[in-house]
Amino acid sequence: MDTLLPTSVQIPKVLTIAGSDSGGGAGLQADLKVITALGGYGMSVVTAITAQNTLGVTRIQDIDLDVIEAQIDAVLTDIGADIVKIGMLASPEIVRTVAKSLRKHGIQRIILDPVLRATSGASLGGDDTAQAMIAELFPMSTLITPNLDEASLLLGRDIAQIGDFKLAAQELLDMGPQAVLIKGGHLDATHTQITDHLMWRSIEDELEVILSKEFKHYRVNTANTHGTGCSLASAIATYLADGHDLSHAVAKAIAYVEAGLEAGRFLSIGEGPGPLWHMHDFYPTALLDEQVKK
């Protein structure tokens, strides 16, 4: 039997642990598109199967706990991962299984997108799941990326205006993660500018300090926003795995998603809100421009 030649080319290895979106716009399908588009090697652990399209979620089937654990073991004992991105975990039991498995393998970098509700309003978790995330995964997380609805659920009060972001981020940071990114895209659509607030722990002169930064960017005028949260978290994870520091990774990920929203403005995929266009760098959506020129 021939001996395998040693490999010398290394690319960022990103493992997504998330639910499957049969419509392809969010969940692990979106994660893998993002990771690949940004030059990483994507791997996946399926936590749940959803019957889902652009109109909403009609069915959710959780994967057995031992199968989730077996998937994590299979990937991490052979290929390994430079970073793990976590999305939909639909029950407290799944949260605890994932946390236990990642601790067993000594995973040091985790991006947690606390997906608790779909854009359509369908519940993808709930209070018990949120509390399990806080107890089990927050202390392990490099970064958590809640939107306003998720931050409100985690804190037990409404986060309704930009002035609330800093205090909310501080309270979430006090729950254990190394960094928090509160996403402002769910503010009233009359806000033409979106503000995202990043807060993180850092060491300066051997002392821990808390730093924060606001990212302001314009709201893309499109209904095709399905999968933006999953895509942003996966982009941050891939940029971090590729060696960027946290603030730079967040800035680049926001720019990537913004470009995907712009490129996907006029795509016709499904009858409801479609996805952003993840592959905009490779396959520009220039059809509308070409028609206008004619």
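This passage goes through the overall make-up of the chain and then a few local spots in it.

The model is a predicted one, so local features are kept only at pLDDT of at least 70 and side-chain atom pairs only at pLDDT 80 or more, while totals for chains, interfaces and linings use all residues. Residues are numbered from 1 along each chain as its sequence is written, and side-chain values use heavy atoms, with hydrogens and water left out.

The protein chain has nine helices and nine strands, taken as DSSP runs (helices H or I, at least four residues; strands E, at least two) numbered from the N terminus. Of its 294 residues, 50% are buried, where buried means under 20% relative accessible area, exposed over 50%, and partly exposed in between (1.4 Å probe, protein chains only). Among contacts (heavy atoms within 4.5 Å) with a separation of 6 or more, 67% link residues 24 or more positions apart.

Helix α3 covers residues 92-104. Its 13 residues reach 18 Å from first C-alpha to last, close to the 18 Å expected at 1.5 Å a residue, the expected span being 1.5 Å times one less than the number of residues. Its buried residues include Pro 92, Ile 94, Val 95 and Leu 102. Just past α3 comes Gly 106, with a positive phi of about 65 degrees.

Ser 234 sits in helix α7 (residues 228-241). Ser 234 counts as buried because its relative accessible area is 0%. Its side chain makes a polar contact of 2.6 Å with the side chain of Asp 31; such a contact is a pair of N or O atoms within 3.5 Å, where within protein one must be able to donate a hydrogen and the other to accept it, and residues adjacent in sequence count only if both atoms are side-chain atoms. Leaving aside neighbours within four places in sequence, Ser 234 touches Asp 31, Val 34 and Lys 85.

His 244 lies in the loop between α7 and α8 (246-263). With a relative accessible area of 22%, His 244 is partly exposed. A 3.1 Å polar contact ties its side chain to that of His 248. Beyond neighbours within four places in sequence, His 244 is in contact with Tyr 239, Ala 249 and Lys 252.
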